[in-house]
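Please have your viewer open and follow along.

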Amino acid sequence: MRFVIDDDVLGLVESVTDFFERRGDRGAITEASRGSAAADRQRWQALCAMGVPLLRLPEPDGVGAGLLEVAAVAETFGAVLLPEPAVAALVLAPLWANHPAARGLLDGLCTGSRITTLSVFDDVVVSPSGEITGRVRVFDDGISDSVAVLAHDEYTGGSALAVFDMAVLGPQGGGPALDPTRPLTEVTPAGVEPLAILRLCGEDAERMRHEFVILSAAELVGGMQQVLRDTVEFVKTRTQFGRPIGSFQAVKHQLADAYALTEQSRALVQVAALSIVDDPQDIVGSLARWVPRSAITVFETAVHLHGAMGFSWEVDVHLYLRRALVLRTALNRYAAAPTVQAV
């Protein structure tokens with residue numbers, strides 16, 4: 001395996017990182033999560049103008065990046081707790097580019113004029129008559145126009161992607177969200193006319209699940225890296241007994257363990273990204289369990305090292321922990337998701 005990322009993609013990673021830093025998006029997302037929705041349509045459209053959804057499309061329309069390169073970009077999203085459905089766009093764009101009935105959907109996705117989120121692990125069924133049954137858990141950022149739902153197609157015995165208007169579905173969940181930067185809600189598509197039902201062929205359904213897990217894990221790795229960096233800076237300045245707490249051996253050991261977990265998680269994401277063309281089932285399953293668990297450990301360590309501040313809104317470590325807890329629940333459903341047979 002060659003863990004080599006294209007120079008053009010590395011440039012995009014730097015551009016996206018600079019974009020977030022220049023705008024102060026990390027602080028803006030943290031602040032917005034205390035009250036109103038954290039998602040920002042203008043931010044997402046700016047990312048679309050930079051070519052983020054086009055990353056995986058072949059040249060000349062796109063960059064032609066592979067999953068390894070795209071995972072590096074996804075890390076930048078996790079570092080700022082991006083609320084918008086970037087992973088959904090990166091999974092859906094290459095699929096829709098190769099589907100004859102999805103051209104209009106692809107245009108809206110890539111321009112940012114129609115923001116689409118994605119659900120790939122729910123037990124949803126499309127009957128031969130087109131009726132859709134089941135309940136869908138979806139990340140509802142508050143600005144998404146539609147949701148694409150991976151479903152079992154009873155007509156073909158394979159799989160289909162049903163696309164719904166979010167305004168027609170309407171969220172069914174209530175109460176405060178565990179992750180206020182990207183709330184998880186439940187919707188019921190039964191009786192709702194979809195915008196489109198796209199029949200999928202071959203291994204598209206399983207590939208979508210694998211890619212969603214890999215890129216979501218990459219987001220967590222980006223968050224782990226950011227929190228580790230922040231915590232190292234904090235322990236250099238926080239003093240106790242007249243010394244920076246970072247000079248204490250116990251603190252150094254905890255940070256070293258957090259660093260090891262971060263690098264191991266990144267390596268697992270990279271291996272999974274390169275192995276997806278072979279037999280990815282085992283490694284993606286391991287990824288879905290290992291990375292969220294490791295991220296939670298790193299974030300809990302950071303909360304502990306920040307002392308009482310770590311449990312408050314004064315610092316944003318708890319938001320990264322919340323994101324990891326929610327993603328752990330979502331990614332753990334990967335192993336339990338129904339396997340759709342190829343047609």
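## The largest pocket

On a 1 Å grid over the protein atoms alone, a pocket is an open set of points with protein on both sides within 12 Å along at least five of seven lines, while a cavity is a set of points where a 1.4 Å probe fits but cannot get out; lining residues have an atom within 4 Å of a point. Grid points are joined across faces, edges and corners, and a volume is the space filled by probe spheres set on the points. With that in hand, the largest pocket holds about 440 Å³ of space.

This is a predicted model, in which local features need pLDDT of at least 70, side-chain atom pairs count only at pLDDT 80 or more, and totals for chains, interfaces and linings use all residues. Residues are numbered from 1 along each chain as its sequence is written, and side-chain values use heavy atoms, with hydrogens and water left out.

Which residues lie nearest the centre of the largest pocket? They are Val13, Thr17, Glu75, Thr76 and Ala79, out of 20 lining residues. Helix 1 (7–23), helix 4 (67–79), helix 8 and helix 9 (249–275) each give at least two residues to this lining; helices (H or I, at least four residues) and strands (E, at least two) are DSSP runs, numbered from the N terminus. Helix 4 provides the largest share, with six residues. By class, the pocket lining has nine nonpolar, six polar and five charged residues, where Ala, Val, Leu, Ile, Met, Phe, Trp, Tyr, Cys and Pro count as nonpolar, Asp, Glu, Lys and Arg as charged, and the others, Gly among them, as polar.

## Closed cavities

Searching the whole structure turns up six cavities of 30 Å³ or more. The largest cavity contains about 120 Å³ of space. Among its 15 lining residues, Pro85, Val87, Phe139, Arg182 and Phe212 lie nearest the centre. Helix 5 (86–97), strand 1 (116–119) and helix 8 (204–237) each contribute at least two residues to that lining, which comprises nine nonpolar, two polar and four charged residues.

The second largest cavity has about 90 Å³ of space. Its lining includes Leu118, Phe139, Leu184, Phe212 and Arg333. Strand 4 (136–139) is one of the elements that supply at least two residues here, along with strand 1 and helix 11 (317–336); the largest share, three residues, comes from strand 4. Eight nonpolar, one polar and three charged residues make up this lining.

Helix 8 is mostly covered, with 26 of its 34 residues buried. Buried means under 20% relative accessible area, calculated with a 1.4 Å probe on protein chains only.

Leaving aside residues up to four places away in sequence, Asp153 touches Val126, Gly158, Ser159, Ala160 and Arg199, contact meaning heavy atoms within 4.5 Å.

## The chain as a whole

The chain has 11 helices and 10 strands. Its radius of gyration is 20 Å, close to the 20 Å that the globule rule gives for 343 residues, so the chain is as compact as a globular protein of that length. That radius is taken over C-alpha atoms, and the rule is 2.2 Å times the number of residues to the power 0.38. Of the 343 residues, 56% count as buried.

Definitions and conventions
Buried < 20%, exposed > 50% of the residue type's maximum accessible area, 1.4 Å probe, protein only.
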